Amino acid sequence: MSLIPSFFGGCKSNIFDPFSLDLWDPFEGFPISTNIPSSAREISSFANAKIDWKETAEAHIFKVDVPGIKKEEVKVEVEEGRILQISGERSREQEEKNDQWHRMERSSGKFLRRFRLPENVKTGEIKAAMENGVLTVTVPKEEEKKPEVKAIDISG
């Protein structure tokens with residue numbers, strides 16, 4: 001909470017709001033900040049959904065952070081045989097005319113990520129599960145074919 005009064009007109013801090021942590025933006029009101037479309041500012045953080053990809057002996061495992069999204073709002077698809085595509089959308093909350101918003105920080109918009117899978121995967125057996133805002137996609141690997149070793153008797 002800031003108890004220092006604002007000497008700058010652009011400061012958004014409110015001494016009565018304990019969650020107000022906004023800092024003064026010296027570029028607020030300049031044309032450079034209005035050139036960015038609002039839709040681009042809205043989806044920028046959500047579009048960069050954080051994804052971890054690890055490979056184990058049995059599978060490739062993708063973990064995607066998508067907090068606040070229902071499993072119905074996420075799609076997991078395989079394109080062109082080996083391209084894993086993970087996409088989703090979080091829509092903005094409807095604004096009622098009588099509501100007064102004090103802060104809107106949660107991002108909204110769409111995201112789309114694509115990954116080229118290696119040749120040794122079973123794309124027909126992909127599994128996906130959502131738990132606590134984390135989507136886990138498991139892509140099983142084909143069993144490695146071990147080279148056949150044949151013993152040869154040495155005569156002598």
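Accessible areas here come from the Shrake-Rupley method with a 1.4 Å probe, and for residues only the protein chains shown count as cover. By this method the accessible surface of the chain comes to about 12,900 Å², and 52% of that surface belongs to carbon and sulfur atoms. The model is predicted, so local features need pLDDT of at least 70 and side-chain atom pairs count only at pLDDT 80 or more, while totals for chains, interfaces and linings use all residues. Residues are numbered from 1 along each chain as its sequence is written, and side-chain values use heavy atoms, with hydrogens and water left out.

The secondary structure comprises two helices and seven strands, where helices (H or I, at least four residues) and strands (E, at least two) are DSSP runs numbered from the N terminus. Along the sequence these elements follow the pattern α-α-β-β-β-β-β-β-β. Of the 156 residues in the chain, 21% count as buried, a class defined as under 20% relative accessible area, with exposed meaning over 50% and partly exposed in between (1.4 Å probe, protein chains only). Among contacts in the chain with a separation of 6 or more, 53% are between residues 24 or more positions apart, a contact being heavy atoms within 4.5 Å.

Three of the strands form an open sheet in the order 3-4-5, with antiparallel pairing; two strands pair if DSSP finds at least two bridges between them. Strand 3 (74-79) and strand 5 (109-116) are the edge strands, each pairing on one side only. From one strand to the next the twist averages 15°, with axes taken as lines fitted to C-alpha atoms, for helices over the stretch in contact, and angles running from 0 to 180 degrees between N-to-C directions. Strand 3 and strand 4 (residues 83-90) run antiparallel and are joined by six bridges, and Glu79 stands opposite Ile83 in strand 4.

The loop between strand 3 and strand 4 holds Glu80, which has a positive phi of about 50° although it is not a glycine. Glu80 is exposed, with a relative accessible area of 73%. A second residue of this kind is Asn132, whose phi is near 55°, a positive value in a residue other than glycine. Asn132 is found in the loop between strand 6 (127-131) and strand 7 (134-140), and is exposed, with a relative accessible area of 73%.

Which residues form one aromatic cluster? They are Trp53, Phe62 and Phe115. The structure holds three aromatic pairs, where rings of Phe, Tyr and Trp (its six-membered ring) pair if their centres lie within 6.5 Å, and planes under 30 degrees apart count as stacked, over 60 as edge-to-face and the rest as tilted. One of them joins Trp53 and Phe115 edge-to-face, at 5.6 Å centre to centre and with 75° between the planes. Because Trp53 lies in strand 1 (residues 51-55) and Phe115 in strand 5, this pair ties together parts that are 62 residues apart in sequence. Trp53 counts as partly exposed at 39% relative accessibility, whereas Phe115 is buried, with a relative accessible area of 12%.

The rings of Phe62 and Phe115 have their centres 5.1 Å apart and their planes at 45°, so this pair is tilted. It links distant parts of the chain, since Phe62 belongs to strand 2 (residues 59-65) and Phe115 to strand 5, 53 residues apart. Phe62 counts as buried, at 0% relative accessibility.
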